[in-house]
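Please open the structure in your viewer and keep the sequence panel beside it. The tour below moves from one selection to the next and says what is found at each stop.

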Amino acid sequence: MNYEEAGAWLYGAQLRGIKLGLGNTRELLARLGVDLGARRFIHVAGTNGKGSVCALIDSICRAAGIHTGLFTSPHLLTFRERIRIDGEKIEESETAEGLANIREIAAQGGVQPTFFEITTALALEYFQKRNVDVVVLETGLGGRFDATNVVTPAVSVLTSIDLDHEAWLGSSLAAIAGEKAGIIKPGVPAVSVPQREEAGEVLSEAARKAGSDLRFITSPIKNAVPGLPGSHQRWNAALAIAALEAASIPVSASSKGIGEVVWPGRFQIIDRRYILDGAHNRAAAERLALTWKEIYGDARATVILGVLKDKDVRAICAELLPIADAFIASPVRSPRSSTAQEIVEAVRTADPAAPCTPAESLSAALEIAKRRVRRILITGSLFLVGEAIAVLEGSTAAPEFTSQ
């Protein structure tokens, strides 16, 4: 298979939906000959901040000269963003070769892997092939039954836990925390940001039962300036350092790595007028609004908002109202997208007086927004942010389609 053919086969696996469990991934890795005990893993779970923390850990490791693999999701423009070594995306040829091997295994029977199980196996085989020293591994959904949870890490890392993916993880904070706590392993140290009381108690009890030494960090970093905007990134950087220390990985170049970190789609500023942020739940939208105020004060934004159907659109709107001068509702390039009219109705439910205009596409939304004088905030979904990056940076190719 070439890259396009391999991608078509992989995206076809999305039709199988999401299936939580570890059996398929373990079977794939066994048939691929992947030795999970041959390298150190840093396993990261949480509701918000996972990607930023993974990027910070990766950047710190690379600044220290450590041969590092990074696995994250979703991607913004190309699938290859999900799998990186020393900051470089996996090549198209290596993606195609790895997916061809997995397709052959699947064709032999006994396993029907999902999109994320295939992607996880591809990444872990690639990291073994390239003999990386440290792998930074972001969970896809939850933790306990996430495909990435086949590893025994050097440290388990918990970012901020809040309500999201309730259909899969449970409707209460305690239930969701219990799923995230599934990455805590017997005898393996764990670190966490401060959590809401209900979530913190669940994590502490899980660590006690597993015999894991769980440490909650107590302060943000003060001796380095993260390359990512927002005061919360100082907490994320402190968590990244705590994770590396718990895993006994040297962090002598931590300030350099923290300052040089790049993670697109998280309060990303383009041409000084466009701000892109993938906030897609209430807590993330609250943090986005706080970051906006930290940087722009009382100035308000024209907000282009696109949200998937399974998200709490009204709660997101309510958090963004204090920084919004007007909303423009845009569909997301996903079969799971809310319609523009559904978003308009959510905005009007949050505040009947808030101006909100429906647009048939992101391009149409941008044309409306450009006629206004304010900065333009594009948010509500990482899929929408990926499309916006392609448009604003003049990419000739649309983002590679995915719903996961």
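In which helix do E260 and K256 both lie, and how many residues apart are they? Select the two in this predicted model: both belong to helix α10 and are four residues apart, about one turn of the helix. Their side chains meet in a salt bridge, with 3.1 Å from N to O. E260 counts as partly exposed, at 46% relative accessibility, and K256 is likewise partly exposed, at 46%.

**Further salt bridges**

Select D310 and R336 next, whose closest N and O atoms are 3.4 Å apart in a salt bridge. D310 sits in the loop between β11 (301-305) and α12 (313-320), while R336 sits in the loop between β12 (324-329) and α13 (340-350), so the pair ties together parts that are 26 residues apart in sequence. D310 is partly exposed at 42% relative accessibility, and R336 is partly exposed at 29%.

Then go to helix α14 (residues 362-370), where K370 and E367 lie three residues apart, about one turn of the helix. The side chains of K370 and E367 form a salt bridge with an N to O distance of 3.4 Å; K370 is partly exposed, with a relative accessible area of 39%, and E367 is partly exposed as well, with 44%. To see a network of salt bridges, select D162, R196, R282, E286 and E319, which are linked in this way. Over the whole structure, a search finds 17 salt bridges.

**Aromatic rings**

A search of the whole structure for aromatic pairs finds seven. Show the rings of F79 and F115, whose centres are 6.3 Å apart and whose planes stand at 80°, an angle over 60 degrees, so the pair is edge-to-face. The pair links distant parts of the chain, with F79 in the loop between β2 and β3 and F115 in helix α5, 36 residues apart. Both F79 and F115 are buried.

W292 counts as buried at 0% relative accessibility, and Y296 is buried with a relative accessible area of 14%.

**Backbone details**

Most residues other than glycine have a negative phi, and most peptide bonds are trans. With the backbone displayed, select S73 and P74, which are joined by a cis peptide bond with omega about -5°; P74 is in the loop between β2 (68-71) and β3 (83-85).

S248 is found in the loop between α9 (232-246) and α10 (254-260), and is exposed, with a relative accessible area of 59%. F267, which is not a glycine either, has a positive phi of about 45°; F267 lies in the loop between α10 and β9 (268-270) and counts as buried at 3% relative accessibility.

**A charged patch**

Finally, show the surface and select E4, E5, D86, E88, E91, E92 and D133, which form a negative patch. Of these, D133 is found in the loop between α5 (115-129) and β5 (134-138), and counts as partly exposed at 42% relative accessibility.

Conventions: Residues are numbered from 1 along each chain as its sequence is written. This is a predicted model: local features need pLDDT of at least 70, side-chain atom pairs count only at pLDDT 80 or more; totals for chains, interfaces and linings use all residues. Side-chain values use heavy atoms; hydrogens and water are left out. Helices (H or I, at least four residues) and strands (E, at least two) are DSSP runs, numbered from the N terminus. Buried means under 20% relative accessible area, exposed over 50%, partly exposed in between (1.4 Å probe, protein chains only). Patches are made of residues with over 30% relative accessible area and no salt bridge: like charges are joined within 9 Å, nonpolar side chains (Val, Leu, Ile, Met, Phe, Trp, Tyr) within 5 Å. Accessible areas come from the Shrake-Rupley method with a 1.4 Å probe; for residues, only the protein chains shown count as cover. A salt bridge is a side-chain nitrogen of Lys or Arg within 4 Å of a carboxyl oxygen of Asp or Glu. Lys and Arg count as positive and Asp and Glu as negative; His and the chain ends are not counted. The place of a charge is taken as NZ of Lys, CZ of Arg, CG of Asp or CD of Glu. Rings of Phe, Tyr and Trp (its six-membered ring) pair if their centres lie within 6.5 Å; planes under 30 degrees apart count as stacked, over 60 as edge-to-face and the rest as tilted.
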